[in-house]
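Good morning, and thank you for making time for this item.

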Amino acid sequence: MIKSPIKLAAVATFLTAPLVLVSPPVIAAGGGGGGGGGGGDPYGSSYSGPASSSPQQGDRKTTRRTKKPTKQSAFDDPAFREAYRTAYATIYERNDYLAAIDQLHALKHDDHPNVANLIGYSYRKLGDFREAQLWYERALKADPNHVLTWNYYGLWQIEQGNREQAQYHLTRIAAICGTGCDEYRSLAAALEKPPGTGLVY
C-alpha cells in the first residue's frame with residue numbers, strides 16, 4: 001500500500017503520462033498490378049515486411065530519448081506521386097513502354113524499388129530481357145523484400161525457360177507475404193502452365 005503522498009503523486013503521474021511509441025515509416029512495396037496486368041493501386045501493395053514489436057514496458061524511457069527523424073518516402077512528395085501515377089497509366093492503360101521508361105527516369109529516383117521494378121517490367125514487355133533483368137536486380141538491391149519485383153522477375157525467369165529459378169522466386173514471395181497474396185498466386189499459376197505455351201505475362 002502506498003502511504004506517502006509523494007509516492008502516490010509519482011505513481012499517478014506515471015499512469016497518466018502519455019506513452020510515445022516510435023514505429024518505422026510504412027513504405028509502399030509494390031510497383032504495378034499483380035502479374036503484369038496492372039489495375040491495382042499505382043503505389044503497389046502496402047506490404048512492408050514483418051511488423052516490428054512494440055517496445056516493452058521497461059523500454060519506455062529509452063524510446064523517448066532515442067526517437068530519430070523518419071526518412072521520407074518519395075511518395076510523400078505530391079509531384080512525385082502524380083508523375084509516378086502518369087507513368088503507371090502509360091504502362092498499364094496505354095501499353096506505351098518506351099514513353100513510360102522516359103517518364104520513370106524523369107522521376108530521378110531510379111533506385112526506388114517501385115520505379116526500378118516498373119522500368120524492368122517495361123523493358124521486359126519490349127522484349128529487352130537483359131535490360132529488364134538489370135532493373136529487376138536493381139529493385140531487389142534497393143529492397144530485397146519487394147514482393148512485386150520477385151513476382152515480375154519470376155515471370156521473366158519463366159519466359160527465359162528458367163523454371164527452377166522461377167520456383168525459387170515463388171519461395172521468396174511465400175516467405176515475404178505468404179501463399180495467399182496475389183503475387184504468389186500469379187507466379188504459381190504461371191508455373192503450373194506447361195513450358196512453351198507462349199503466354200504473355
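Predicted model: local features only at pLDDT ≥ 70, side-chain atom pairs only at ≥ 80, totals over all residues.

Let me start with one convention: helices here are DSSP runs of H or I with at least four residues, numbered from the N terminus. With that numbering, N95 falls in the loop between helix 3 and helix 4.

First, the overall fold. The protein has 9 helices and 0 strands, so defined as DSSP runs. From the N terminus on, the order of elements reads α-α-α-α-α-α-α-α-α. The protein has 201 residues, of which 37% count as buried. If we take the contacts between residues at least 6 apart in sequence, 59% of them join residues at least 24 apart.

I turn now to the interior. As a general remark, nonpolar side chains in soluble globular proteins tend to be buried together. Here the largest nonpolar core holds 42 residues, and Y84, I91 and L104 are the ones that touch the most other members. Two or more residues of this core come from each of helix 3 (78-92), helix 4 (97-106), helix 5 (113-126), helix 6 (129-142), helix 7 (147-159), helix 8 (163-177) and helix 9 (182-192). Which helix gives the largest share of this core? That is helix 7, with 8 residues.

Helix 7 also contains L155. At 1% relative accessibility, L155 counts as buried, because the cut-off for that class is under 20%. L155 and L170 are 15 residues apart along the chain, and their C-alpha atoms are separated by 9.9 Å.

Next, helix 5, which I would like to treat in some detail. Helix 5 consists of 14 residues and spans 20 Å from its first C-alpha to its last, close to the 20 Å expected at 1.5 Å a residue. Is helix 5 enclosed by the rest of the structure, or is it exposed? Helix 5 is largely enclosed, because 12 of its 14 residues are buried. The buried residues include P113, N114, N117, S122 and R124, together with V115, L118 and I119. They pack against helix 3, helix 4, helix 6 and helix 7. After helix 5 comes G127, with a positive phi near 90°.

N95, in the loop between helix 3 and helix 4, counts as partly exposed at 47% relative accessibility. K108 is not a glycine either, and its phi is positive at about 60°. K108 sits in the loop between helix 4 and helix 5, and at 70% relative accessibility it counts as exposed.

Now the aromatic residues. A pair of aromatic rings is described by the distance of the centres and the angle of the planes. The structure holds 8 aromatic pairs. One of them, F80 with Y84, is stacked, at 6.2 Å centre to centre and 20° between the planes. Why are F80 and Y84 separated by about one helical turn? The reason is that they are 4 residues apart in helix 3. F80 and Y84 are both buried.

The pair of Y88 and Y92 is tilted, because the ring centres are 4.7 Å apart and the planes stand at 50°. Y88 and Y92 likewise lie in helix 3, 4 residues apart, about one turn of the helix, and both are buried. In general, an α-helix has 3.6 residues a turn, so residues three or four places apart point the same way.

Y88 and Y92 belong to one aromatic cluster with Y97, Y121 and Y152. R124, one of the buried residues of helix 5, lies over the face of Y152, at 5.7 Å from the ring centre.

Finally, the cysteines. How many disulfides does a search of the whole structure find? The search finds 1. C177 and C181 form this disulfide, with their sulfur atoms 2.0 Å apart. C177 is partly exposed, with a relative accessible area of 21%, whereas C181 is buried at 13%.

Technical notes: Residues numbered from 1 in each chain as written. Heavy atoms only, no water. Core = buried A, V, L, I, M, F, W, Y, C linked by side-chain atoms within 4.5 Å. Buried < 20%, exposed > 50% of the residue type's maximum accessible area, 1.4 Å probe, protein only. Expected span 1.5 Å × (residues − 1). Contact = heavy atoms within 4.5 Å. Phe/Tyr/Trp six-rings, centres within 6.5 Å; stacked < 30°, edge-to-face > 60°. Lys NZ or Arg CZ within 6 Å of the ring centre and 35° of its normal. Disulfide = S-S within 2.5 Å.
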